[in-house]
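Please read these points with the sequence and the model open beside you.

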Amino acid sequence: MHLKSLTVKGFKSFASATTLRLEPGITCVVGPNGSGKSNVVDAIAWVLGEQGAKALRGGKMEDVIFAGTSGRAPLGRAEVTLTIDNNDGALPIDYTEVSITRRMFRDGASEYEINNNSCRLLDIQELLSDSGIGREMHIIVGQGRLDAMLHAKPEDRRSFIEEAAGVLKHRKRKEKAIRK
Ligand code: ATP
Ligand code: MG
């Protein structure tokens, strides 16, 4: 499984539809300060279902919609599509290519799609839950977050590792079972 492409349209600084083609292996995004590198990462977190405006470096969720510049009017909606190569069947769905789309309007309503079929956020979360790219999997380490991890208390660091290894959900289930 690898990320194949990311299309952003009306998301943060990307007013016009922009597609980034991603190859297996390492992709580097380079550019001057403020040119939108972190916005690319925010787009990936957002399309995977991120619900916190702060995690996307904004005050409110509406801040992800292109707010306009001196030469260009604001837009009414943001849309991001992430296409994943599923040739190895890592995602439990009968397609070798899976595209996930999220769209949001200024009234706050979000729409989600899997392969152009409208679905719920829950369907996306379930699709990704055992793949290692779900929302809680720490696949995205933002600017400054690395520092936070290095300086974390041992017990917090342990839970980062457990979560990344997929152990945390079992430990939580065990604790729940013992309490009963
Ligand atoms: P650095 O190298 O400093 O980390 P960067 O390339 O990561 O910079 P970003 O943080 O991705 O830069 O982009 C910041 C830019 O995105 C700013 O110019 C900001 O005005 C613009 N931006 C963020 N949200 C919106 C929005 N909703 N509408 C228009 N522009 C936006
Ligand atoms: Mg940045």
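1. A residue is called buried if 20 or more other C-beta atoms lie within 10 Å of its own, exposed if 12 or fewer do, and partly exposed in between. Asn115 counts as partly exposed because it has 13 C-beta neighbours inside 10 Å. The place of Asn115 is in the loop between strand E5 (110-114) and strand E6 (117-119), and its phi is near 45°, a positive value in a residue other than glycine. Please keep in mind throughout that this is a predicted model.

2. On the overall layout, the protein chain is divided into domain 1 (2-135) and domain 2 (144-180), and the centres of these two domains, taken over C-alpha atoms, are separated by 26 Å.

3. The largest nonpolar core holds 25 residues, and those touching the most other members are Phe11, Ala43, Val47, Val64, Ala78 and Val80. Two or more residues of this core come from each of strand E1 (2-9), helix H1 (37-47), strand E3 (77-85), strand E4 (97-105) and helix H2 (121-128).

4. Helix H1 deserves a separate look. The buried residues of H1 are Val40, Asp42, Ala43, Trp46 and Val47. Seen down the axis of H1, these buried residues fall within an arc of 160°, so they line one face of the helix. What covers the buried residues of H1 includes E1, strand E2 (18-21), E3 and E4. Just after H1, Gly49 takes a positive phi of about 110°.

5. How do the strands pair? E1 and E3 run antiparallel and are joined by seven bridges; within this pairing, the bridge partner of Thr7 in E3 is Thr81. E1 and E2 also run antiparallel, joined by four bridges, and here the partner of Ser5 in E2 is Arg21.

6. An unreviewed UniProt entry carries the annotation "binding site" for Pro32, Asn33, Gly34, Ser35, Gly36, Lys37, Ser38 and Asn39. Among them, Pro32 lies in the loop between E2 and H1, and Asn33 lies in the loop between E2 and H1 as well. Are these two buried or exposed? Pro32 is exposed, because 7 other C-beta atoms lie within 10 Å of its own, and Asn33 is exposed, because in its case the number within 10 Å is 5.

7. Which residues does Ile65 contact, leaving aside its neighbours within four places in sequence? They are Gly10, Leu75, Arg77, Ala78, Met104 and Arg106. Ile65 and Leu122, by comparison, are 57 residues apart in sequence and 23 Å apart in space, C-alpha to C-alpha.

Key:
Residues are numbered from 1 along each chain as its sequence is written. Chains are lettered from A and ligands numbered from 1 in the order in which they are written. This is a predicted model: local features need pLDDT of at least 70, side-chain atom pairs count only at pLDDT 80 or more; totals for chains, interfaces and linings use all residues. A nonpolar core is a set of buried Ala, Val, Leu, Ile, Met, Phe, Trp, Tyr and Cys residues joined through C-beta atoms within 7 Å. Domain bounds come from an automatic or database domain assignment. The arc is that of the directions from the helix axis to the C-beta atoms. Two residues are in contact if their C-beta atoms, placed from the backbone, lie within 7 Å. UniProt positions are given in the numbering used here, feature names are shortened, and annotations may be inferred rather than shown by experiment. Two strands pair if DSSP finds at least two bridges between them.
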